[in-house]
Structures are given as structure tokens and as C-alpha cells.
Amino acid sequence: MASYFAYAAKIGVTNPLQQIILTDYKDPNTYAFYLFQSGLGLPEREYYLAEDAKSKEIRTKYVDLIVKEFDLVRLPDGEKDSRAIMDLETKIAQQHMKKEDTRDIVKLYNPFPVDSLHAVMPNFN
């Protein structure tokens, strides 16, 4: 999966981990490698989790759009696979930070050495 994420990022395909190199938030003389949450087709986690009528309608139309995309490229099983895509994106959304938390730079600034990445993500090579 790590290899695929690297390949996907290289060709511009969204995956659950957005990678970017920027100047360090606290030291503009240093560059840092950042990982951010990503991987959703809808704009943010609330689109997947909110239970109001408008959100439910948006999710239904999103699944319909995925089915239409399957049809346009002549892939079979668009109905079933669109549901699986929505289920996967919903599981990813459940793990995302709330949008207000993503704006809190203090919560986002968690530097650690690259060689300790295995402690943060033990099942990711």
C-alpha cells in the first residue's frame, strides 16, 4: 500500500495521505515533510457523517455520480462498487479530524524524526 500511495501521489491521484514538503511552521529556515489527511471524494468528513436531509441527498447523488463514471468508462458492477467506494470513504472520513481542528496549527504541529515513523504507523511500511 505504501508503494501505491507513493506512485499515486507522483501521478497526482488522491490517496488517504497527502504528502508535501514545506518550510517548517516554527522555523522558516528549515524544510519539513508533512502528512495530511486526504482521500475523500466529498469536501470534508461532515458530508459523510451528518444525518440531516441535505447531507443524505448529497451522499445519494455522489453515489449516483460514481455509478455514472463507471458506466462512462464501461466498467462493470458500478452499482455495487460505488457502494463499496462510499463505504470506504465513510470509514476514512470517520478517522479524519473535524474541519475546525484542521485549522488549529498547534494541533497540527507534531514533529518527530523520520526513523520513529514506525512507532506512529506500525503497520505501514
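How much space lies in the largest pocket? About 1,100 Å³. A pocket here is an open set of points on a 1 Å grid over the protein atoms alone, where a 1.4 Å probe fits, with protein on both sides within 12 Å along at least five of seven lines. Grid points are joined across faces, edges and corners, and the volume is the space filled by probe spheres set on the points.

Before going further: this is a predicted model, where local features need pLDDT of at least 70 and side-chain atom pairs count only at pLDDT 80 or more, while totals for chains, interfaces and linings use all residues. Residues are numbered from 1 along each chain as its sequence is written, and side-chain values use heavy atoms, with hydrogens and water left out.

**Stop 1: the largest pocket.** Now colour strand 2 (31-37), which gives the largest share of the lining, six residues. Helices (H or I, at least four residues) and strands (E, at least two) are DSSP runs, numbered from the N terminus. The lining has 24 nonpolar, seven polar and two charged residues; Ala, Val, Leu, Ile, Met, Phe, Trp, Tyr, Cys and Pro count as nonpolar, Asp, Glu, Lys and Arg as charged, and the others, Gly among them, as polar.

**Stop 2: the second largest pocket.** Its volume is about 240 Å³. Select Thr14, Gly39, Ile85, Leu88 and Glu89, which lie nearest its centre among 13 lining residues. Helix 4 gives the most to this lining, with four residues.

**Stop 3: helix 4.** Select 78-95. Helix 4 has 18 residues and reaches 26 Å from first C-alpha to last. Pick out Gly78, Ser82, Met86, Glu89, Thr90, Ile92 and Ala93, its buried residues (under 20% relative accessible area, 1.4 Å probe, protein chains only). On the face turned away, look for the exposed (over 50%) Lys80, Leu88, Lys91 and Gln95.

**Stop 4: Gly39.** Finish in the loop between strand 2 and helix 2, where Gly39 is found. Gly39 is buried, at 18% relative accessible area. Show its contacts (heavy atoms within 4.5 Å): leaving aside residues up to four places away in sequence, Gly39 touches Thr14, Asn15, Pro16, Glu89 and Ile92.

Key. 1 Å grid on protein atoms, 1.4 Å probe; cavity = no way out; pocket = protein on both sides within 12 Å on 5 of 7 lines; lining within 4 Å. Expected span 1.5 Å × (residues − 1).
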